[in-house]
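Q: I'd like to learn how to read a model like this one. Can you walk me through it, starting with how far to trust it?

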Amino acid sequence: MRSNLIGVLKPLTGPNLYPFLAFLIPMAVRAIPEILMGPFVVGYDPMGYYIPYTLYWLKYGINFWIFLGAAPLFYAILLGATASGMPIVLSIKIISPLLLGFLGVVVFFYANNTLSWSQKKSLLATMFATLYFVALRISWDLLRSELSLIFLFITLVLIERHERRVSKAALLSLAM
């Protein structure tokens with residue numbers, strides 16, 4: 001049993017430990033309010049916008065132009081999770097901490113790769129960027145903005161590593 005656990009945790013040592021912590025720590029801190037709130041969602045926007053729009057679109061269909069103007073990627077993720085049978089409140093309670101975890105990882109890679117900081121310094125920058133009270137407050141409500149920040153940092157990392165190959169340019173364009 002112990003050797004199996006060591007085998008599973010082996011990839012999380014060395015250079016892979018810091019990106020894992022950059023994901024895990026912000027996600028765990030953001031999950032605390034979700035757990036404490038029980039069956040209720042954290043923040044105003046989930047109850048004011050995300051849940052009503054998603055339920056309306058699932059029931060009555062989607063107008064393409066209105067959907068396109070409403071930051072469609074986040075709603076597409078939420079619609080997919082809800083249409084698959086997961087309750088919408090549970091979807092938001094799971095998606096919210098995951099978004100902050102992914103934001104932590106992309107900030108880590110931005111600091112590590114683009115700014116050429118050490119892994120420890122990049123992890124510290126990630127903790128400041130994601131666990132600062134303003135960032136945590138934004139992660140309660142502005143989930144679409146948080147998703148756009150993730151793509152912004154992905155784009156910044158890809159611009160730094162941009163090579164003149166079509167596959168890299170296509171990935172960069174998709175991130176933008």
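Predicted model: local features only at pLDDT ≥ 70, side-chain atom pairs only at ≥ 80, totals over all residues.

Q: Let's pick one residue. Is Thr54 buried or exposed?
A: Anything under 20% relative accessible area counts as buried. Thr54 comes out at 0%, so it is buried. You'll find Thr54 in helix H3, which spans residues 45–60.

Q: What does the side chain of Thr54 reach?
A: Look for N or O atoms within 3.5 Å. In this case the Thr54 side chain gets to the backbone oxygen of Tyr50, at 2.6 Å.

Q: And which residues does Thr54 touch, leaving out those up to four places away in sequence?
A: Those are Tyr75, Leu78, Leu79, Thr82 and Ile88.

Q: How do H3 and H5 pack?
A: Start with the angle and the axis distance, then check who meets whom. H3 and helix H5 (residues 72–83) pack at about 65°, their axes 10 Å apart, and the crossing is right-handed. From H3 come Tyr49, Tyr50, Tyr53, Thr54, Trp57 and Leu58; they meet Phe74, Tyr75, Leu78, Leu79, Thr82 and Ala83 of H5. By type, the residues of this H3–H5 contact are 10 nonpolar and two polar, with no charged ones.

How values were computed:
Residues numbered from 1 in each chain as written. Heavy atoms only, no water. Helix = DSSP H or I, 4+ residues; strand = E, 2+ residues; numbered from the N terminus. Buried < 20%, exposed > 50% of the residue type's maximum accessible area, 1.4 Å probe, protein only. Polar contact = N/O pair within 3.5 Å; in protein donor to acceptor, adjacent residues only side chain to side chain. Contact = heavy atoms within 4.5 Å. Axes fitted to C-alpha atoms, helices over the stretch in contact; angles between N-to-C directions. Left-handed = near helix turned anticlockwise from the far one by under 90°. Nonpolar A, V, L, I, M, F, W, Y, C, P; charged D, E, K, R; others polar.
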